[in-house]
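Work through the exercises below with the sequence and the model at hand, and try each task before reading its solution.

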Amino acid sequence: MINSVFSQLGLYHLFFFLLLLGGSNLSFASDLTATVDRNKIGIDETVNLRVRYSGDENGGQPDLEQLEQDFDILSRQQSNQYRVINGRAESFVEWTLTLAPKREGKLFIPSFHYKGQVSDAIPVTVSEAGNTPDGTNRKAFLEIELDKDKAYVQEQILVKVRLYTTIGLHDIATEPLQVAGAHVEKVDEQRYERKLDGISHAVYELTYAVFPDSSGQLSIPALTYVAIAGRRDPFSLFNRNSQRLRLRSQAKTIEVLPKPDSYSGIDWLPAASLGIVQSWSQDPDTFTVGEPITRILTIRAEGLRAAQLPPLPKLDVEGLKTYPDQPQQEDQVGPNGVTGSRIETTAIVATQPGDYQLPAITVTWWDTKSKKQRATQLPAFRFNVSGTAATSPQNQEPGQLPSPASNTTSLEIQDYFWRNLAIAAIASHLLWVIYFYRTRWNSHRPNSHQTPRNTAAQRESALRRAVDSGTPLYIQKALLDWIHVRWPQLRGSNLTESTQQLAFEELEELHGLLSAAIYQEQPRPLNQQKVKVLVERLLEKQLPFSESTEEESLPKLFT
């Protein structure tokens, strides 16, 4: 009897197991579905897509190529599950994707094909981003602000891109601003806090200076930033608690006006301010015949690049010989944009004593603040040259015969001429012989290095004289000349680039002092004693002019 009962129970359990197994197999029927958490989003928002396949899964995933035509895939996760609920077994694989739309309008998440199954397409409506940032509803967003509604061609436009966030963001990937038909330059970067609707936001702000090339409508395109929200876990391989965000700004349009017909200047210079400064390498009151003196002219414009500034008129005064140097151009950037400077240096040598006047220099420009034409003038400059004029034959009246005294002088001059000519011929012959033997001797030396030591010494002396003069522009030019002779392999054409490549602390501090004394709107007085100390330290850094030293030191400058 007992055995009969256990036999019946065993058959019952066996029947139940087979029934459960049969039901489980029935639940393994293949199926592919796709769902989204919402069907209406803004262009700067994301949507979560879930694609589930129920059935046997042996690896692989649905083809997502069509999906990427209208959406950016910010993140993707895959999970495999097997579970039994109320005696029913389920087995499925699920892909979870975070999507960001690429454009506005009615978009479709396409049908997916996987292991012979097809999911339904899903419509998603993408609308324009909100015009007014809402700090209470949005945890992170982008904002673009322009400093003006209209601008003239080649006028500076400041574009500020701000990232607001109330949550922790890291690994922020910024997209650089690029504007078709304009020159764009990044000028400033700041981090601060701002309250919106009583809620404190952390702000990351980038400022760009945009210079339109032509008149018409200028489009500032929308920008896209990608960031990770959540706490970064250095011990987690996948950072499961983090979320990838894609933030998108609004596009902007600004009207660019042509040059006004009333403008009468030779060069079109739209600037917020423009000035011309004159300085000398030494006091002009000490000007003597035959001794050079250096005149330094600087034209500086706020809101213009150095490349936009025109050359100043050449100096042409009778009795003065001029030797202009290559002009230097520098751009200073900051929160107010670009301030361009053009520095022209000219050596002047007087051939005769007397009173001289350098003509006034006038530059016409367009004031972008008052929308008016203005003119900046450097007044005429008078100075006196002392000394004795260079001797030259006196002009004689036509037909006038020379006096006996003049004939005697002429004969003496001829004697001196032939004697000097003979001495010069002998000297040149000796120099040629010395040069010939020296060349042969150097040719037998392996890799002889021909470095102009005397030129370096001259530049060093000129730099010390410039420091003693206390004139910032003169010091800047002499310093740059010395650097070019000491390291001719440097690619920098101005002091800023040379400072970045050399990376000497003394040079960086010296460059900062000179820039503050030259380019600031209110020039800072130059600490001459500190400049002298920095220059002496910098001169001590120079290396011997040997080939081995050059070859060993230069690679360190450019790594």
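**Exercise 1.** Determine how helix 6 and helix 7 (residues 528-540) are arranged, and which residues meet.

*Solution.* Begin with the axes, which are lines fitted to C-alpha atoms, for helices over the stretch in contact, with angles from 0 to 180 degrees between N-to-C directions: those of helix 6 and helix 7 come within 9 Å and cross at roughly 150°. Helices here are DSSP runs of H or I with at least four residues, and strands are runs of E with at least two, numbered from the N terminus. Angles under 35 degrees count as roughly parallel, over 145 as roughly antiparallel, 65 to 115 as roughly perpendicular and the rest as oblique; helix 6 and helix 7 are therefore roughly antiparallel to each other. Their crossing is left-handed, a term used if the near helix is turned anticlockwise from the far one by less than a right angle, with right-handed used if clockwise.

Next, look for contacts, meaning heavy atoms within 4.5 Å: Glu506, Leu507, Glu509, Leu510 and Leu513 of helix 6 meet Lys530, Val531, Leu534, Val535, Arg537 and Leu538 of helix 7. Sorted by class, this contact has seven nonpolar, no polar and four charged residues, where Ala, Val, Leu, Ile, Met, Phe, Trp, Tyr, Cys and Pro count as nonpolar, Asp, Glu, Lys and Arg as charged, and the others, Gly among them, as polar.

The model is predicted, with local features needing pLDDT of at least 70 and side-chain atom pairs counting only at pLDDT 80 or more, while totals for chains, interfaces and linings use all residues. Residues are numbered from 1 along each chain as its sequence is written, and side-chain values use heavy atoms, with hydrogens and water left out.

**Exercise 2.** Describe how helix 5 (residues 495-502) packs with helix 6 (residues 505-518).

*Solution.* The two helices pack at an angle of about 160°, and their axes are 9 Å apart. Helix 5 and helix 6 are therefore roughly antiparallel to each other, and their crossing is left-handed. On the side of helix 5 the contact is made by Leu495, Thr496, Ser498, Thr499 and Leu502, and on the side of helix 6 by Leu507, Glu508, His511 and Leu514. These residues divide into four nonpolar, four polar and one charged.

**Exercise 3.** Is helix 4 (residues 472-486) parallel or oblique to helix 5?

*Solution.* The axes of helix 4 and helix 5 come within 10 Å and cross at roughly 50°, which makes helix 4 oblique to helix 5. The crossing is left-handed. Gln476, Leu479, Leu480, Ile483 and His484 of helix 4 form the contact with Leu495, Ser498 and Leu502 of helix 5, and by class it holds five nonpolar, three polar and no charged residues.

**Exercise 4.** Work out which strands stand at the edges of the open sheet of four strands.

*Solution.* The strands of this sheet have the order 10-12-15-14, with antiparallel pairing; two strands pair if DSSP finds at least two bridges between them. Strand 10 (140-146) and strand 14 (182-196) stand at the edges, each with a single partner strand, so one side of each has no neighbour in the sheet. Neighbouring strands are turned by 20° against each other on average, direction ignored. Strand 14 is joined to strand 15 (residues 199-212) by 14 bridges, and the two run antiparallel; Glu189 has Leu206 of strand 15 as its bridge partner.

**Exercise 5.** Find how confident the predictor is in this protein.

*Solution.* The mean pLDDT, the predictor's confidence in each residue from 0 to 100, is 78, and 72% of the residues reach 70 or more. Over residues 131-136 pLDDT stays under 50, and the model has 11 contacts for them beyond four places in sequence.
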